[in-house]
Amino acid sequence: MSDIKYILGSFGDPDEMMHGIEKLQANNVSIYDVYTPMPIHGIEAKLGIKRSRIDIAAFCFGITGTCAAFALIYFCAVIDWKVNIGGKPSFALPDFIPIMFELTVLFCAFGMVLTYYASTHLFPGRAPRVMDLRATDDRFVIAVDAKENAEHTVIDGLLKDAGALEVKYNERKYISYE
Amino acid sequence: MSGHNESILREPLITGNNITYAKITDDILGPVENKPNKAWWIGFTFAALGALLWVVAVSYTFWNGIGAWGLNKTVGWAWDITGFVWWVGIGHAGTLISAVLLLFRQNWRNSINRSAEAMTIFAVICAATYVVSHMGRPWLAYWVLPLPNQFGSLWVNFNSPLVWDMFAISTYFSVSLLFWYTGLLPDIATIRDRATGMRKKVYSIFSFGWSGSVKTWQRFEAVSLILAGISTPLVLSVHTIVSMDFATSVIPGWHTTIFPPYFVAGAIFSGFAMVLTLLLVARKVLGLENYITMFHIESMNKIIILTGSIVGVAYLTEFFIAWYSGSEYEQYAFINRSTGPYWWAYWMMMTCNVISPQLLWFKKIRLSIRATWILSIVVNVGMWFERFVIIVTSLHRDYIPSSWAMFYPTWVDISVFVGSIGLFFTLFLLFLRVLPSIAIAEVKLLLKTASEQAKMKQIKEGHEDKEYVAEYIESLEKFDSVKQEDYAKI
């Protein structure tokens with residue numbers, strides 16, 4: 001019994017899984033995480049997960065891009081080497097706008113996506129931390145930490161009641177290392 | 001993803017009545033997990049031969065310089081920039097589908113966005129090679145970057161649209177690639193978790209360790225939405241800047257303020273045509289009729305009528321403004337376009353882009369796969385001619401009649417163009433083999449609300465208005481993947 005690390009409730013239907021979460025929460029069972037093959041809308045509120053602040057990062061990266069582009073063009077075209085084009089002013093702001101816009105988008109996109117990869121620990125070659133191989137296919141998996149929640153038979157019953165097709169007892173946290 | 005039902009007045013986005021989450025995965029990964037069929041090999045052989053021709057022609061250009069092309073001192077831009085603008089325009093539909101339609105919550109984009117985005121990336125690769133090879137000395141391509149150099153430093157000219165274009169195209173390519181790849185991560189993970197051995201290892205590396213946990217998905221959706229939000233103005237800016245390459249010059253026929261919206265509409269027009277050219281074949285060969293339905297095809301055809309009509313209005317406006325301007329040079333440029341030595345190219349453009357897409361107003365044509373496919377090719381031919389007309393007819397009769405000339409392509413011009421089509425199809429066919437051609441996770445999202453079986457269940461529950469049910473069943477007639485007899489008893 002003590003070898004079991006995680007109890008997985010594997011559901012075939014997202015609505016039944018949501019029902020399962022409610023049942024576990026009503027019985028004071030803490031949920032470790034939920035693995036699904038597609039985004040489930042409304043699950044964050046149920047699990048009490050805070051909203052993502054990635055939009056703030058995106059804005060900061062974007063504004064950095066705007067400033068970087070302006071600084072580059074201003075330095076090159078206004079300070080370092082003024083090109084005399086028919087005597088027109090070298091500080092021609094309207095002409096700077098296209099590149100300022102492009103670099104805003106470039107910095108914002110790369111900054112945000114790299115922040116996302118870093119915060120979610122995604123990078124090429126990272127060993128996948130998968131508890132159930134079908135969680136990327138057709139199963140919606142609720143993972144419960146077996147050490148923290150001792151009443152395994154109760155959890156088993158709650159999950160099956162909610163419609164779990166299968167309840168697994170994993171002795172290793174991530175099966176994908178095998 | 002909850003118990004909310006979608007109105008049955010909306011056409012289903014997934015047809016078939018035994019679709020499960022597992023079946024979606026199986027259907028979409030079929031071409032990736034199994035050996036390719038004969039049709040794929042035949043297509044790939046021809047495409048690869050085309051790509052080989054491209055390698056030969058581009059290498060020949062690099063070795064000999066652009067004298068290998070049919071350019072002369074009057075017509076200094078011809079098939080190269082025609083090809084460049086054509087390919088970039090085609091690429092635009094992918095971003096439109098993945099970004100603009102996401103912002104507008106058009107769920108039908110979910111099953112076509114992946115391959116359309118792949119198409120964008122391959123089209124921009126084809127376009128970029130034109131830019132590099134038309135430089136003449138491609139090994140000095142880095143001169144377009146603002147790098148410190150030994151001439152002063154003499155920087156690039158930031159007032160030039162060509163420099164803006166370099167920033168726009170490279171941003172567009174890299175952001176599209178990022179958007180596409182991030183969207184692919186969950187689907188690559190799906191392949192990984194079903195594979196064994198070496199295959200598992202390879203897909204494991206490319207899946208970046210995706211787990212599908214709640215936080216991963218939450219951030220994924222936020223990232224997708226913001227990327228869509230910034231890609232929407234990006235895609236508009238790219239073709240705007242491409243059009244400024246022409247519009248900021250003083251050449252009659254190019255010097256028009258209408259160019260940015262006109263080019264953007266043309267880009268979407270040609271891009272959707274290319275999406276149809278590819279997907280009508282792919283859906284049949286890969287057996288994806290349940291996911292890319294007649295509703296998707298009809299919706300794309302509607303966008304083609306809209307953008308084709310915008311392009312038509314732009315052609316007429318251009319002509320009117322040339323007359324209205326009172327500038328004889330401007331007037332001559334347009335009279336020469338339509339009645340001069342290149343009259344056939346002009347009327348080819350008019351027929352293919354303005355007249356023939358109007359046939360799509362007829363429901364029968366809009367819903368005929370064969371007619372749609374032929375029209376999609378016609379549109380692409382027309383859009384190639386549009387760029388050719390804009391570029392060559394504006395240049396070939398310049399200010400001194402003694403320097404008037406015609407443009408005749410050499411075998412290298414033709415080979416670079418035909419070869420780029422081969423390269424495009426080679427990349428696309430390889431993509432179909434190694435990555436899922438439909439965004440699996442996004443299609444799964446639709447199963448419980450927008451699928452035929454979900455709506456069937458709603459009808460069977462009996463709470464729907466009879467009139468609505470009749471209307472819904474009538475709307476299903478156009479679907480080639482719906483069995484009408486299932487509805488006979490309802």
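Guide: Residues are numbered from 1 along each chain as written, and chains are lettered from A in written order. In this predicted model, local features need pLDDT of at least 70, side-chain atom pairs count only at pLDDT 80 or more, and totals for chains, interfaces and linings use all residues.

Visitor: What makes β1 and β4 of chain A a pair?

Guide: Two strands (DSSP runs of E, at least two residues) pair if DSSP finds at least two bridges between them. β1(A), residues 6–11, and β4(A) have 5 bridges, in the antiparallel sense. One of the bridges joins Tyr6(A) to Asn170(A).

Visitor: Which residues of helix α11 in chain B are buried?

Guide: Tyr346(B), Met349(B), Cys352(B) and Asn353(B) are buried. Buried means that 20 or more other C-beta atoms, placed from the backbone, lie within 10 Å of the residue's own; 12 or fewer is exposed, and in between is partly exposed.

Visitor: How do you know that they line one face of α11(B)?

Guide: Seen down the helix axis, they fall within an arc of 145°, so they line one face. The arc is that of the directions from the axis to the C-beta atoms. An α-helix has 3.6 residues a turn, so residues three or four places apart point the same way.

Visitor: What is the mean pLDDT of chain B?

Guide: The mean is 90, and 99% of the residues of chain B reach 70 or more. pLDDT is the predictor's confidence in each residue, from 0 to 100.

Notes. Helix = DSSP H or I, 4+ residues; strand = E, 2+ residues; numbered from the N terminus.
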